[in-house]
Structures are given as C-alpha cells and as structure tokens.
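Dear colleague,

Please find the structure below, together with its sequence.

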Amino acid sequence: MAQSNTDSFHAFAYKQKRRRQQQQEQEQEQQDVQMAEAVEIKAEDTDLIHVERLDKDEYIPNERDDDFEGEDDEDILEINGDALNPDVVGIEEDELPQAANQLPLGFIRNPGTLSFYFFLGIYTGDGFHNQANTIIGIGLKATFFAYMYQLLTFYGVPQPRLNVRYGAGTLGGVRWGYADAASARTLFRYGLPSSNILNSQPDLMARLLPLENTLDSLLVFLLGYVCADGTIRRKWGGTPNNILAMYSGLSLYSRDNYLLKWFHNQLAQYGITSTLGEAEVKGHHFNILYYLTNDLNDQHLLRAFRGLRDSGVPLDGKMQLLEHMLLNSKQANNRLLAPHHIKFHDYLGACYTAEAPDRTACVIGQDLFDLNLFDLNTLCEFVGFPRQDSTYNFNLEAFVRFVRNIASGPLQTPGHRLVARYFHICEQRVIPNAEIINKEHAQPFHICNRDGCRRWFTRRYEYLNHVQAQHDLIPFECPVEGCDKEFSFPSGLVAHQRLEHGSEPAVYCRHCQKPFENQERLDRHLNKSHNPANTFACQEPNCGYRFSRLDTLAYHMNANHSPQLERKRCPVEGCFFIYTMRTLLLHHFRNFHKMEPSIACPQCRKRFHLQEQLDEHLDAAHNQLTCDQCHDTNLWSPSQMAWHLQRSHNPQNRFVCRCTKRFADNRGLNRHQNLTGHA
C-alpha cells in the first residue's frame, strides 16, 4: 500500500512538472515574438531574407542536435541593446561595442579564413534562428558543452553563455545564441540552410567561397558540416581479439534540396568523387552525400586538417577520430570508439543494481555511452577529471562521484559551473521507476561455437549461412514451383533464380565486363577497382584494374596474372571462349551458358563447376594445414600454404616480426602488428 502511494505521488509530481514546463514554453514563445517584433521595427535595416520556419513537432533531430525545450531562453539569448536604442540609430555597425556573449561582427562578415568556413559548416548543420531572423545560435548534445565553450572562446566570444537544458523524457542538450539584427543579417547573406531553414538560396551560395584558396575553404566547410550533421562510415576488420574500425568514407545529411548537390558539384571540379542518395526517416525525406574514400579524396581531407591545425581551430572527437584514421592506414582500434561492444549495464558498473540503481548516474552514463575517446577526454580535461586511454576502461562511478562533489561545492572555473549545471539537469531528467534498458549493440564478429569450429564472420547472415550449410546441412531450396534444385549457400540460390527464373544482369563493367545487377553496385566496383585516383595500376594488357594499396595490387597480380597461369579454353563443346582467370570462366558459365554447379562434394552438400574447385574445397574445408615456421593454423589448402610461405617467409623480405613472419616493406609489417597485437 505504501509503495502504491509512493508511485502515485511520483506520477502526480511528474504531471505537475510537465504542466509547468508547457506553461513556460507558451510564455517563452510569446516573449520571442515580442522581442523579434521589437528588433525588426527598431533596427536600422530590416531587409532580411524570408524563410519558412519548421514547426517544432515536425523537427527531426540530427546526429548532434536534440529537440530540447522547456526552459526560458533568457540564459542563452543576449539582446544587443544598441540595436533597440533609438538614440544610436545613426551609429555605424562597426562602431557598436561587442557584447560578452556575441561573436565579433568582423568575424561574421567573413574574413576569408579557414576557421570561418569551419564555423559556417557547423552552423549550417546545427545552427538555429528565430522566425524574424534576428536570433542566431548553435545547439548540440548535452555532453558537448565543453567543446562548444572551447570553440566559442577560440572564435572570440569573450564570455560564452551556454544553457544546458532538457525537455520531455530524457533528451538533453546545450545551446548558445544571441539576438542581434546586424549579426543575423550578415550571416544569412550566404544563403545557407540551418536546422530551422529548409531551403538554401542558390544565387547567394554562388558567392560563398573565396576566389583564392577555394579548395581548402570548400573542404574545411565540408568538415565543419560533417562535425555537425555527418557520420564517419566504417566497417569492421581485424580479429575478434583485436577489433579495428576501417574507414570507408563520410555521409552528409540534409533536408535541403540544393546544399548537397552544391557540395557534389563543387567537389567534382577538383576530381573529388562523391555520390548522392536519398532516405526516408519517420516520414521525412533526407538527402545524403557520400564522400568516397580513395587516395585523392583522403589526401584532400588531410590537407584540410593541416589547414585547421595550423589555424588552431579546436576539433571535436568526431573530427579527431577521422584525422586519426586517415593518418593510420584508414583504421582505428576499437578502444578509441564508443564502447558499444559491451552491454549498457556492464558500462554502468557499480552505478547500476536492479534493486536500487543510481538513476542520475544512469542518465549520465546514457550520455557518455555514445562518446568516442576523443570526445570523452575533451570533457574530462574541461572539468578536471583524469584523461582516459580507452572508452572500455572508463570508471563511470568515479566520474559521477567527481562531478557530484563539484556540483555541491564552490564553482571556481567555467568547467565547474557548466558541469554542475549539467549534473543538476541530469537529476531533473530522471524518470522515477522507469526501466533502465540494458542496451546492446550489434557485435562486429559472429563466432561459430558449433563442434569446436571457432570460425568467425563479420556479417550475421554469413554466420547463419555457415551454420546452416556446414553444421545443420540444411539446403537452400528453390521456391519456384516445379524446380527442385538445392544449394548449400544462398548466393547459389540467388544466382540460380536470377539466371533461370529472372532476368539477366542489368549492367556490365566497361573495363572488365563483370556483370552487376544494378548501377549502384557497378558504381561501387568502378570506384574500388577502376578509379583513376587510385595510385597502383595493373600493367597487364586489357586489365584496367587500379588499387589504392600496393599489397592489393600484388595479390591481384599473383591471383590473376602469374606466369604459371595457363590460357585455357571453355570445356563446353563448341565454345571457343579463352580465359586466363578462373573467375572469368565462372562468370562465363553462369551468364553465357547458364550452367549450375554440378560437381558435388562427397562430404557436404556444396557443388562446384570445376574439379579443381572441389579439390581446393576438400583441402580447405576438410583438411586444415599448419605452417611449420610460424605455426599459423588458418591455412586450408596447398595453394594457401604456398602463398603464405611466399608472402610471410620469403628470405628476401627484410622486415621481420617477432612471430618470424617477414614482409617486403615496413607498411606491411605495421599492418600485421596492428592486426595481431605483436607491436
């Protein structure tokens, strides 16, 4: 009975709290309208660009900016009093004094520096304004108050006034902004969208970039936008014991119909490759720009980072992680990323018990669980907490205890004042008696534990297909009525359905004649294998393959153009097709003769086109080999063993690892040591 009364009291208190918040929101909206009207009437020049405001209910938060609301904007908006004073109407804007919370007007007017274009990119992705276009500001996630303070201080804001706040539920954020007609009018002249502006102005954007240093300004502007509203695309590599994130490009998002097309066209002028896409999220249409990865694209990004470093611009964790990956063979160790490979309850540690969890600590843990190591250390240094060497070793309980002590004592530094404000907001974000969900992200590797197999896969469907084909021996049957063919793997079934019951591949590569089902897959193939920006080109006649790495070219040469390869004729009677690469023969079988594999493995249900394929399969799947020199057991065929001996134990290779493996260059040795942890 007592517990029931307590629950009812908490529910009543929460409803009262929400009612007060809604009343404050209505009062604040009325104040904003009155303030905007006053600025618009009294300002010297009111010729502002007209834009359409997006309703709050329709707003979808981007990667950084949360739709937080519920407090007065008095803490973040500082009106320039001179703009409202009729006694100073005749004074030039340059003569107006800079307020403590405002950007210098000279900076807003575009000094042509790289630091300005980086700020402009952030504002384009995460900026906001009011309906009268007299207020400008930036909103980020709550844990980025440290980075926002450092950034604004660098840009010349004397005393940044940040408001850490929250809205309904558990959303939290930090905002900075001010009301000044001159600053707003100057910033809007670039024709760029912000979080509240749906459409850019193409005629104004045509004059956005400077005539000198154009490429660097464009790339820095792009990095600023990625910082605010983009993601680093990655795939997983390495091994289960040494997980690596492999850089595979950038993704930029926008609801604007023109901005990303402008980016795409500007980049193309300098030979930088990118592609455009679209997506639907909760009924809202988004445009996507994919910045691809190749030697030329990556070198340009590093050039932009050098410019930002030379200018002294503070970088957030996302930018620092991107720079780290580009400088380290496009990879980063898992310890640098958000700790998503452990469960959330494990991350909370001693802060969570099922009987009596520290709910404020759980809210803080919810915020920090998504930070990479660079963002985490930016926050720790700002508040005076020790730096961390891994996100997986972070002691949340010690951090919460440290912050709680700060919040209850004298606030002597800006870092202490902001973290105390953040802590008190987290206390208010707590939902009584709410279930603390044990959030779990997908694991990068799926390990098969059936019958001591221990094989691992980076994709779940590959793992499930392996279990079904190798352990359960369940065939993949063709669903077409009257067709009784079976396949060990779904790839064989898909190829059979396409060739026997469907249509031919839609497009072919003009360089190697490889077939693809759609243009998107062909574009990916062209960017990876025939991109002119890739440095290492195959010199064999009529090949046309290009690679971004020397070891990949070497593998291609040994696999496809080795002198030991014989020129063979298609075994089908009456066919005169000549081939040097077995892959070409297999494509020829499937696409020209429409042949299904007919040679069956006697130990499993897998089928092959050629007897040599079956022999290699028997050695690989049913006869594991061990190297006598380094005891490597991940060898499954004589050809793999020969390749391993040639590559890893060739006496001519001068770079030797402590495991006795040898490499032709230092790059190969470093990559091996990063993958195996032998450094």
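Two strands are taken as paired if DSSP finds at least two bridges between them. Helices (H or I, at least four residues) and strands (E, at least two) are DSSP runs, numbered from the N terminus. This is a predicted model, in which local features need pLDDT of at least 70 and side-chain atom pairs count only at pLDDT 80 or more, while totals for chains, interfaces and linings use all residues. Residues are numbered from 1 along each chain as its sequence is written, and side-chain values use heavy atoms, with hydrogens and water left out.

The four-stranded sheet

An open sheet of 4 strands runs in the order β1-β2-β4-β3, with antiparallel pairing. Its edge strands, each pairing on one side only, are β1 (127–129) and β3 (163–166). On average, and with direction ignored, neighbouring strands of this sheet are turned by 35° against each other. β1 is joined to the antiparallel strand β2 (residues 135–141) by 3 bridges, and the bridge partner of His129 in β2 is Ile136.

Axes are lines fitted to C-alpha atoms, for helices over the stretch in contact, and angles run from 0 to 180 degrees between N-to-C directions. Helix α5 (residues 145–154) lies across β2, β3 and β4 (172–179), at about 25° to β4. Helix α6 (residues 181–188) lies across β1, β2 and β4, at about 75° to β2.

Packing of α5 and α14

The axes of α5 and helix α14 (residues 373–383) come within 8 Å and cross at roughly 75°. The two helices α5 and α14 are therefore roughly perpendicular to each other (65 to 115 degrees; under 35 counts as roughly parallel, over 145 as roughly antiparallel and the rest as oblique). Phe145, Ala146, Tyr147, Tyr149 and Gln150 in α5 meet Thr378, Leu379, Phe382 and Val383 in α14. By class, this contact has 7 nonpolar, 2 polar and no charged residues (Ala, Val, Leu, Ile, Met, Phe, Trp, Tyr, Cys and Pro count as nonpolar, Asp, Glu, Lys and Arg as charged, and the others, Gly among them, as polar).

Strand β6 and its partners

Strand β6 (residues 242–254) is largely enclosed by the rest of the structure, because 12 of its 13 residues are buried (under 20% relative accessible area; exposed is over 50% and partly exposed in between, with a 1.4 Å probe and protein chains only). Strand β5 (residues 230–239) pairs with β6 in the antiparallel sense over 10 bridges, and the two form a hairpin with 2 residues between them. Here Ile232 has Leu250 in β6 as its bridge partner. With strand β8 (residues 284–291), β6 pairs in the antiparallel sense over 5 bridges; Tyr253 stands opposite Ile288 in β8. Strand β9 (residues 331–333) is joined to β6 by 3 bridges, and the two run antiparallel.

Aromatic pairs

The structure holds 23 aromatic pairs (rings of Phe, Tyr and Trp, the last by its six-membered ring, with centres within 6.5 Å; planes under 30 degrees apart count as stacked, over 60 as edge-to-face and the rest as tilted). The pair of Tyr347 and Phe369 is tilted, because the ring centres are 5.1 Å apart and the planes are at 55°. Tyr347 is buried, as is Phe369. Ring pairs also link Phe107, Phe116, Tyr117, Phe119, Phe154, Tyr155 and Tyr190 into a cluster.

With kind regards

Key. Contact = heavy atoms within 4.5 Å.
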